[in-house]
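Please look over the model below before reading on. The report then takes up a sheet, a chain contact, a core and a helix in turn.

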Amino acid sequence: MRGSARALAQLGIVLLAGLALLSLLLVATGHAVGPALAALVRGAFGSSYAITSATIVRMIPLGFAGLAVSLAFRAGILNIGAEGQLLMGAAAAAALAVPLAAAPAAVGIPLLLTGGAVAGATWAAVAALLRLRFGVLEVISTIMLNFVAQYLTGWLVRGPLQEPTRVNPQSASLPSALQLPVLLEGTRLHVGVLLLVVVAFATWWWLTHTASGFRVRAVGMNEAAARSAGDVAVGRTIAGAFVLSGLLAGLGGAVEYTGITYALYENFSPGYGYTAIAVALLARLHPLGVLGTALLFGALEAGANAMQRDAGVPSVVVSVVEAVLILLIVGADRWSDRLSARAEAAT
Amino acid sequence: MSHSGAPAGAAPEHGPDAGGAPAFARAASVTPLLLLDGLSHRFGRVEALRGAALTVRPGTVHALLGENGAGKSTLMRAAFGLLQPDRGELRWKGAPHRLASPAAALRLGIGMVHQHFTLVPAMTVAENVALGGHGRFDPAQAAARVREVATRAGLTLDPDARVGTLPVGAQQRCEIVKALARDVELLILDEPTAVLAPGEAAELLAWVRRYADAGNAVVLITHKLRDALAVADDVTVLHRGRTVLTTRAADSSQEALAAAMIGDAATGHGNTGPATTGHADTGRADTADTVGTSSAGPVATGRVVLALDGVSVRDARGVLLLREVTLTVRAGEIVGVAAVEGAGQHQLLRVLAGRMDASSGRVQRPARVGFVPEDRHRDALLLDAPLFENAALRGAGARRGRMPWAALRAHTSALLARHDVRAPHAAVSARTLSGGNQQKFVLGRELADEPEALVVENPSRGLDFMATAAVQSALRAARDGGTAVVVYSSDLDEVLLLADRVVVMYAGQLIEVARTREAAGRAMLGSAR
């Protein structure tokens with residue numbers, strides 16, 4: 001309990017530091033701090049439309065990708081490839097939408113989502129295989145696979161998946177029967193948010209309450225001890241967690257495609273897979289925490305757009321703040337580790 | 001890096017004739033090149049050095065002998081400025097000095113070659129030798145310097161070869177040249193033959209002899225008696241941080257040195273005096289009393305639980321680490337394993353515990369074997385996880401379905417009570433426990449499902465007296481409960497204290513010996529046959 005109180009306090013400090021930095025950047029770039037921040041808050045939470053159609057809409061892909069990153073990091077796998085896995089999930093769903101165009105929603109939607117999840121899992125399996133077979137660091141391979149996924153998507157939307165008129169570099173629009181149902185009339189809020197909450201709870205429950213989830217955590221905490229004391233098949237556990245992580249990101253891509261964009265295009269993801277790393281770290285890799293931090297980053301991104309529109313502040317300013325937040329979190333963790341190590345040494 | 005902290009000619013604290021040099025040094029007519037006296041140093045609770053002394057005469061090879069953990073490396077690290085001893089005196093050519101860093105030692109003329117090389121594999125020999133120098137780097141000049149130093153010292157070395165591509169012997173020559181290029185007069189070699197093939201080792205020792213004959217001095221850290229007697233002029237033996245024997249090699253024998261190394265009070269001196277107040281020593285103080293009672297343990301009549309028949313283990317490079325080992329362990333006995341470092345005990349224990357596969361031979365092993373590895377932080381515990389999760393780790397690989405956390409918590413609380421693990425509750429993280437409580441916890445966990453066999457490696461490493469006693473009595477209780485127990489300890493006294501039977505590993509081979517310090521000690525050093 002004391003630990004989680006400290007984590008919350010740390011989170012507060014990090015967020016305050018982020019706010020201070022944002023103000024500083026606004027001043028440095030010659031913008032009035034008050035109106036800019038007001039635009040940011042208004043864009044994120046100013047109206048029910050802002051909340052449902054801007055903030056939560058962005059929270060959903062960030063949440064799925066954040067869960068993917070949390071799960072991988074819990075297993076000690078530095079999966080930086082949620083971006084590529086998410087893209088492949090969307091691409092697979094877009095590809096499946098062609099043969100399924102006439103299918104009823106009850107059949108079509110589950111198939112699209114499953115296809116996206118399997119594609120994300122497959123994309124992660126490539127990196128898992130490279131690591132376990134050839135010892136390739138997953139940090140490198142997943143980043144590289146992100147580029148492959150990015151350009152593969154670019155080719156798909158100019159080639160096999162291009163819309164029938166062959167004018168725009170994007171896939172055909174998803175038939176409305178296959179689109180995820182909208183939750184609130186007049187908004188963009190779709191049932192993907194419910195799916196996200198269910199998946200977050202399922203991930204948390206699996207990690208904490210099942211033997212296979214425990215093995216994943218044990219391997220992430222201490223591979224040697226898991227192997228020696230627990231007789232855990234470490235390679236198989238890592239492969240499983242890696243693939244599951246890709247599955248979550250791929251599902252996120254398919255949900256984004258069927259719930260918001262209804263089409264695949266080259267810049268399908270504005271870096272959701274990378275922001276997800278901050279989402280996961282800020283949540284201290286806790287699946288339920290991810291729901292909160294994904295909402296926070298969703299609000300930041302929505303607010304950044306509003307700030308750009310209403311106050312003329314480039315949205316990259318917020319990207320800088322997000323990046324610094326990651327560094328602050330990692331730094332704060334190291335710092336508190338050092339403090340507790342020192343306290344230990346003193347006793 | 002910083003040279004400011006350690007003035008090269010550190011101001012003498014007292015005149016050259018103020019201190020009392022040991023009798024041995026006074027007996028030698030020449031001023032010793034290096035004199036260490038009364039060096040003490042603690043690492044946390046462990047007293048690594050307790051008044052160790054060493055006197056190196058110019059033009060000699062001085063062998064520094066001792067078991068693992070006797071303090072050999074610590075003593076020489078102090079001589080090379082890598083650590084600053086808590087107490088004690090260092091004199092170089094008669095003048096007292098305080099060495100704040102290896103740079104200061106090198107300026108005096110003391111060089112050291114570590115057991116684990118400190119070379120940059122991607123660089124050439126010349127670049128490695130020039131590393132740490134100042135000013136502009138001139139490849140041609142650096143290569144010429146290497147050639148000059150190597151020729152003068154009589155070592156073959158190509159200055160332009162990449163270190164990573166060189167065989168181990170050549171890498172070692174590179175390390176030596178690196179030290180010699182700084183114009184050292186005293187070269188400390190830490191276990192130099194450990195990494196070499198027999199032919200290379202003989203070559204190196206011959207070079208050491210020639211180098212010393214040319215007027216320099218060498219300190220040879222080793223636990224190989226043959227090496228010591230073959231090339232050394234003088235021998236110093238350390239035991240538990242104390243100098244227990246200093247002698248001319250010509251006046252000594254393998255038996256006398258072996259006896260001193262294993263701390264035989266009859267030959268060594270000063271190691272069982274009343275001044276032994278440290279934790280470790282109090283731990284041993286009961287040795288003499290308890291050996292008697294433990295020998296009354298049950299004679300091995302139980303059924304065979306663990307059996308190895310002609311078991312060999314090769315590493316990835318094909319080197320034999322275990323050579324046709326045959327061993328049986330019966331229910332209700334403790335088999336103690338004694339060995340010096342790297343004799344194959346690491347592999348033996350893991351094969352017995354089912355944590356490593358044999359390359360050949362037959363292994364008989366029960367379904368459940370408990371294993372307590374020596375490095376509990378690395379191999380036994382999830383330090384940041386609560387204790388009940390650590391308890392659940394045993395058998396986690398085969399578990400299916402849900403984790404019964406409520407039952408596991410209760411099970412863990414019972415475990416804490418049964419094995420006297422001092423922890424507030426089962427949900428604190430393993431990191432918050434002291435070393436002794438961590439070890440009691442791990443032992444309790446491994447014993448919880450009543451395994452038929454228990455394999456334990458260095459059970460009391462890093463523990464204080466009370467924890468050591470608790471762990472040892474837990475092992476005896478397991479034995480009395482009918483478990484087949486195998487214990488390895490780097491401390492021979494602990495092996496003798498616990499074991500019903502003693503086996504010794506030497507160079508990958510296993511032999512059973514009498515349960516006496518002399519027999520085990522000789523076999524550990526390979527002089528039994």
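## A three-stranded sheet in chain B

In this predicted model, chain B holds an open sheet of three strands in the order S12-S11-S14, with antiparallel pairing. Strand S12 (320-330) and strand S14 (360-364) of chain B are the edge strands. Each has a single partner strand, so one side of each lacks a neighbour in the sheet. On average, neighbouring strands of this sheet are turned by 10° against each other, direction ignored.

Strand S11 of chain B covers residues 304-314. S11(B) pairs with S12(B) in the antiparallel sense, over seven bridges. Where do the two strands face each other? Val311(B) stands opposite Val325(B) in S12(B).

## Where chain A touches chain B

How many residues does each chain bring to the contact? Chain A gives 17 residues and chain B gives 22 residues. On chain A, helix H8 (211-221) and helix H9 (223-230) each supply at least two residues of the side that touches chain B. H9(A) gives the most to that side, with six residues.

The chain A side is made up of ten nonpolar, five polar and two charged residues.

## Chain B as a whole

Chain B has 19 helices and 19 strands. Of its 529 residues, 47% are buried. Take the contacts in chain B with a separation of 6 or more: 68% of them join residues 24 or more positions apart.

## The largest nonpolar core

In soluble globular proteins, nonpolar side chains tend to be buried together. Here the largest nonpolar core has 268 residues. Which residues have the most contacts inside this core? From chain A they are Ala68(A) and Ala276(A). From chain B they are Val177(B), Leu220(B), Val337(B) and Val487(B). Helix H3 of chain A, residues 48-74, provides the largest share of this core, 14 residues.

Val177(B) shows what such a position contacts. Neighbours within four places in sequence are left aside here. Val177(B) is then in contact with Val129(B), Val146(B), Val149(B), Ala150(B), Leu155(B) and Leu157(B).

## A covered helix in chain B

Is helix H2 (residues 72-79) of chain B mostly covered or mostly exposed? H2(B) is mostly covered, with eight of its eight residues buried. The buried residues include Leu75(B), Met76(B), Ala78(B) and Ala79(B). Lys72(B), Ser73(B), Thr74(B) and Arg77(B) are buried too. Just after H2(B), Gly81(B) takes a positive phi of about 80°.

Notes:
Residues numbered from 1 in each chain as written. Chains lettered and ligands numbered in written order. Predicted model: local features only at pLDDT ≥ 70, side-chain atom pairs only at ≥ 80, totals over all residues. Pairing = 2+ DSSP bridges. Helix = DSSP H or I, 4+ residues; strand = E, 2+ residues; numbered from the N terminus. Axes fitted to C-alpha atoms, helices over the stretch in contact; angles between N-to-C directions. Contact = placed C-beta atoms within 7 Å. Nonpolar A, V, L, I, M, F, W, Y, C, P; charged D, E, K, R; others polar. Buried ≥ 20, exposed ≤ 12 C-beta atoms within 10 Å, placed from the backbone. Core = buried A, V, L, I, M, F, W, Y, C linked by C-beta atoms within 7 Å.
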